[in-house]
Amino acid sequence: ASFDGYAHVWDAATGETLVSVGGDYTGGMEWVDWSSDGARIVTSDDGGAAEVWNAEDGTFLFGLYERSQSRVSRVAFSPDDQYIATGDLDGKVHMWNGQNGRHLFELKGHGCDVADGTPLCAIWSVEFSPDGKYLATLGRDKTVHLWDTFSRESLTVLRQGEQQPVL
């Protein structure tokens, strides 16, 4: 990710830029994740868009356009690349079809932190378990939710400052 409106892929050995995606943004790229096969990249940018790109040649494949007006803050491919999870600044987590970008469902459960009377609801992280059965989300509300990706249920909520058993 970068502040020039592009996400760049470099050759780690030579430092050469192999491909750049994006470019139509006034701000920068905020988050990027690779598909497990290395064929695609999902990005989120300052404007709030989440988009999927061909990692080899940088062509745009499809967008993940939120059901709200909020910016996408985090993105992640599932380990089998069948799903993409996004978190937004309204505290919402969305699940998308990783092959075509179709919206599948929304996970609700995060609240908001309030600072100076302003609700702050951002999702700061979305991460799949290695087997893809679970999704962990970290919110501005100082909670971590562990979701069952099949049933869509929140299995547990960890709150900052509370001691809870580890699953």
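This is a predicted model: local features need pLDDT of at least 70, side-chain atom pairs count only at pLDDT 80 or more; totals for chains, interfaces and linings use all residues.
1. Let's start with the whole chain. DSSP gives it zero helices and 16 strands. The chain has 167 residues, and 43% of them count as buried. The accessible surface comes to about 9100 Å², with 50% of that belonging to carbon and sulfur atoms. As for how the chain meets itself, take the contacts between residues at least 6 apart in sequence: 36% of these join residues at least 24 apart.

2. A7 and V9 make up its covered face, while Y6, H8 and W10 lie on the uncovered one. The partner to look for is strand β2, residues 17-22, which runs antiparallel to β1 and is joined to it by five bridges.

3. Most residues other than glycine have a negative phi. D81, however, is not a glycine and has a positive phi of about 65°. You will find D81 in the loop between β7 (72-77) and β8 (83-88). Is D81 buried or exposed? D81 counts as buried because its relative accessibility is 5%, and the cut-off for buried is under 20%.

4. The loop between β15 (143-148) and β16 (154-159) holds S151, and R152 is placed in that loop as well. R152 is another residue other than glycine with a positive phi, here near 70°. With a relative accessible area of 46%, R152 is partly exposed. S151 also counts as partly exposed, because its relative accessibility is 33%. From S151 you can look across to K133: they are 18 residues apart along the chain, and their C-alpha atoms are separated by 9.7 Å.

5. Now turn to V93, in strand β9. Its relative accessibility is 0%, so V93 counts as buried. Which residues is V93 in contact with, leaving aside its neighbours within four places in sequence? They are T86, G87, F105, E106, L107, H110, I123, L135 and T137. F105 is a handy one to pick out: 12 residues separate V93 and F105 along the chain, and their C-alpha atoms are 8.7 Å apart.

6. R102 sits in the loop between β9 (93-97) and β10 (103-107). Once its neighbours within four places in sequence are set aside, R102 is in contact with M95, W96 and N97. R102 and F62 are 40 residues apart in sequence, and the C-alpha to C-alpha distance between them is 9.5 Å.

7. Last, the open space. Rolling a probe the size of a water molecule over the atoms shows where empty space is left. The largest pocket contains about 190 Å³ of space. Its lining has 13 residues, and those closest to its centre are Y83, F105, G132, T149 and F150. What kinds of residues form the lining of the largest pocket? Seven are nonpolar, three polar and three charged.

Note on methods
Residues are numbered from 1 along each chain as its sequence is written. Side-chain values use heavy atoms; hydrogens and water are left out. Buried means under 20% relative accessible area, exposed over 50%, partly exposed in between (1.4 Å probe, protein chains only). Helices (H or I, at least four residues) and strands (E, at least two) are DSSP runs, numbered from the N terminus. Two strands pair if DSSP finds at least two bridges between them. Contact means heavy atoms within 4.5 Å. Accessible areas come from the Shrake-Rupley method with a 1.4 Å probe; for residues, only the protein chains shown count as cover. On a 1 Å grid over the protein atoms alone, a cavity is a set of points where a 1.4 Å probe fits but cannot get out, and a pocket is an open set with protein on both sides within 12 Å along at least five of seven lines; lining residues have an atom within 4 Å of a point. Grid points are joined across faces, edges and corners, and a volume is the space filled by probe spheres set on the points. Ala, Val, Leu, Ile, Met, Phe, Trp, Tyr, Cys and Pro count as nonpolar, Asp, Glu, Lys and Arg as charged, and the others, Gly among them, as polar.
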